[in-house]
Protein chains: 2
Amino acid sequence: MKIIVQKYGGTSVGTPERIMAVAERIKTYAGKGYSVVVVLSAMGKTTDQLIELSKQITKTPSKREMDMLISTGEQVSIAMLAMALHEKGIGAISYTGTQIRVKTDGNFSEAKIESIATEKIEKSLKEKKVVIVAGFQGIDEEENITTLGRGGSDTTAVALAAVLNTRNCEIYTDVDGVYTADPRIVPNTKKHKEISYDEMLELSRLGAGVLHSRSVEFAKKYGVKITVRSSFNYEEGTVVMPKEEMVEKYIVSGITAKTDEAKITLRNLQDKPGIAAKLFEKLGEKKIYINLIVQSTGHDGMASISFSVLKKDLAKALELSEKLKEELGGSSVEAKEDIAIVSAVGVGMLSSYGVAGRIFRVLADNGINIEMITTSEIGISCCIDGKFAELATRVIHKEFIEAGA
Amino acid sequence: MKIIVQKYGGTSVGTPERIMAVAERIKTYAGKGYSVVVVLSAMGKTTDQLIELSKQITKTPSKREMDMLISTGEQVSIAMLAMALHEKGIGAISYTGTQIRVKTDGNFSEAKIESIATEKIEKSLKEKKVVIVAGFQGIDEEENITTLGRGGSDTTAVALAAVLNTRNCEIYTDVDGVYTADPRIVPNTKKHKEISYDEMLELSRLGAGVLHSRSVEFAKKYGVKITVRSSFNYEEGTVVMPKEEMVEKYIVSGITAKTDEAKITLRNLQDKPGIAAKLFEKLGEKKIYINLIVQSTGHDGMASISFSVLKKDLAKALELSEKLKEELGGSSVEAKEDIAIVSAVGVGMLSSYGVAGRIFRVLADNGINIEMITTSEIGISCCIDGKFAELATRVIHKEFIEAGA
């Protein structure tokens, strides 16, 4: 019994017609002898509409009740798809997260999956039924309904593949795979046949994530291969997989540009231990997400620290930085809102020399000044002036990908 | 701890504004020291909208999946009300039928409640929370979601009162009590302060039911007093209760007129045992609901049988009757569509003489011919020409109720 898990996102099941189309696609898999487990998101904009509805009652809803409310969206779509499959003569049964015991922690609105019971699913698969599972939802130990946060249905799908011991997991979204860059910015992008978990995670972190990070982490942990595909065509898509098994490897596999961050610089801080710790602890307490951090090498007992925060957090972060400035002995706090963080990601960097140098060179050749640089094992990020975001993406893409390096 | 169970119907929670109004009402009860358990229907027309949605997929949906689909309606309303109570500073928690184990049989779309677990409810009440329960839904022994059929939330409310050992159960609908007749037809109707379970059941059966029959049967069985009230005002409403405890007793407490039935007459059937049995068995097999049945006394070995069926079943019933006519040796089958069944209901009839005679007299005095008559322990029904429906209701109402008899 070859089990395949397929997850269809909100756009894929946005209307009754789309649900019928998804049923037709599932039918072809069932016809090929697959045991099909389907994970669904809520239809189209349902989740947003439910959130809007709640706003007519309160601006500060209880997270438990919010999860109770929005988890209805997937329950509607699974019932609809089961009916659609029946209409096409395919046996099918739908299950909520409660029914198949998707146990999570009690962290409402962003719960983490702890376990899933497989008995019901396996029994229904044995009865030759397509099993349809509500994504995004689970229950905590007191059987309160929880939700997994945005993109949580991806995680449900990967977790199901893991507990059902299959490596086959297809995630249908509105794009048909993972590209080397945003096709709206770079005309000659290529679609990957394969990409590694780590690259995918890095891309997600850098804002180019087709998949929810947690689902990729899960897939990596359990060795599940995720195929990212579109439900609107039959193109092959991109397989997210262990890098050891990959055939195609690029030095640089993706270029991203984030423009939703801003930069803060604290100048002339005392160059002594504990200064940075204090600053970022305080920012952490306020739940301000920090992406890049650069501390300049101190001289004369002074140092500067620059870091990037989401634009929406800028005011809060600035206020806090101003307060801490005196305590930390700094001379000034500066903010720059119009920045871009351009990154190159690729597992090949691990074994290639000179990648950083080539990136800096190509940016310099195009008159783009680099304001901050950070590197991770498989990525290099440069903070540049916001107006150069698209140009930088294109020139790095040309240097590494279009040149076939 | 005085527990009160309150059920609010779809109109009562039709909009976020209405939900806030219901929260305000609940707040007054919580303020009076009641432990409040609230049962909700889906908001406004939600259930109908979900049914419409399913029709875009199939005309013959699986009942299991239909229950999966429509049970989301109550889940939305309970979460919304919990948020509304929180907004007013009242502790509250919502539970689905699954969460409080409303166990039912497996008869999807018209399941019967078998048991309800009270632990979670009692725990939450002890924590001074208003407990909000999704009406209309339960789970079968395999934890499939079931629904209780139209009006099922009333039954959920009464069942909860029963298992929580309280006799206080308020059912909020769009009318503010039980009237002696339809106020749209009879101008001088009176609202009952009290009415007995049996009268309420008889009224339900005769189409004047404010409550779902099963909820009244449940209430009778467990001695729960149901107060029928409106959520749009603070009028006192009508208490449905054991007749032994009633203070006010009328001979006739309600007059109803059903105009959704039609009459079929089979003439000159053989007057021998088994003829009627055969006819009604066959009708039963086709799930045709029969209300009145009259068999004329036979002479010359011949008899006629008249019966009433719902107008929507008339064609089906006629076809079947024609087929059976020859087999049963009848001479003709006649149908009359424009009939009305006018009924008088009252526990007082049990101990009063001459009620039937007075009804027939008042109809005759107004030139209304009676085509069929049946009686139950607490009711008398007359089939008359459809055009007299309203007149008959008014004159019987005048005779018994306005005259204060």
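**Starting from one tyrosine**

Guide: Let's begin with A:Tyr29, which lies in helix H1 (residues 16-31) of chain A. Helices here are DSSP runs of H or I with at least four residues, strands are E runs with at least two, and both are numbered from the N terminus. This is a predicted model, in which local features need pLDDT of at least 70 and side-chain atom pairs count only at pLDDT 80 or more, while totals for chains, interfaces and linings use all residues. Residues are numbered from 1 along each chain as its sequence is written, and chains are lettered from A and ligands numbered from 1 in the order in which they are written.

Visitor: Is A:Tyr29 buried, exposed or partly exposed?

Guide: You count C-beta atoms, placed from the backbone, within 10 Å of the residue's own: 20 or more others means buried, 12 or fewer means exposed, and in between is partly exposed. A:Tyr29 has 18 other C-beta atoms within 10 Å, so it is partly exposed.

Visitor: Which residues does A:Tyr29 touch?

Guide: Contact means that two C-beta atoms, placed from the backbone, lie within 7 Å. Leaving out residues up to four places away in sequence, A:Tyr29 touches A:Ile4, A:Tyr34 and A:Val36.

Visitor: What does chain A look like as a whole?

Guide: Chain A has twelve helices and 20 strands. Along the principal axes, its C-alpha atoms fill a box of roughly 75 × 50 × 30 Å. The radius of gyration is taken over C-alpha atoms, and the globule rule is 2.2 Å times the number of residues to the power 0.38. For 405 residues a compact globule would come out near 22 Å, and the 24 Å of chain A agrees with that. Of those 405 residues, 50% count as buried. Among contacts in chain A with a separation of 6 or more, 75% are between residues 24 or more positions apart.

**Helices against helices**

Visitor: How do I read a pair of packed helices?

Guide: Two packed helices are described by the angle between their axes and the distance between the axes. The axes are lines fitted to C-alpha atoms over the stretch in contact, with angles from 0 to 180 degrees between N-to-C directions. Under 35 degrees counts as roughly parallel, over 145 as roughly antiparallel, 65 to 115 as roughly perpendicular, and the rest as oblique. Take helix H6 (residues 152-163) and helix H8 (residues 213-222) of chain A, which pack at about 10° with their axes 8 Å apart. That makes H6(A) roughly parallel to H8(A).

Visitor: What is the handedness of that crossing of H6(A) and H8(A)?

Guide: A crossing is left-handed if the near helix is turned anticlockwise from the far one by less than a right angle, and right-handed if clockwise. H6(A) passes H8(A) in a left-handed crossing. The contact includes A:Val158 and A:Ala162 of H6(A) and A:Phe218 and A:Tyr222 of H8(A). By class, it has six nonpolar, two polar and two charged residues (Ala, Val, Leu, Ile, Met, Phe, Trp, Tyr, Cys and Pro count as nonpolar, Asp, Glu, Lys and Arg as charged, and the others, Gly among them, as polar).

Visitor: How are H2(A) and H3(A) oriented to each other?

Guide: The axes of helix H2 (residues 46-55) and helix H3 (residues 63-70) of chain A come within 9 Å and cross at roughly 135°. H2(A) and H3(A) are therefore oblique to each other, and their crossing is right-handed. A:Thr47, A:Leu50, A:Ile51 and A:Ser54 of H2(A) meet A:Met66, A:Leu69 and A:Ile70 of H3(A). That contact has five nonpolar, two polar and no charged residues.

Visitor: How many residues does each chain bring to the contact of chain A and chain B?

Guide: Chain B gives 28 residues and chain A gives 28 residues. On the side of chain B, the largest share, eleven residues, comes from H4(B).
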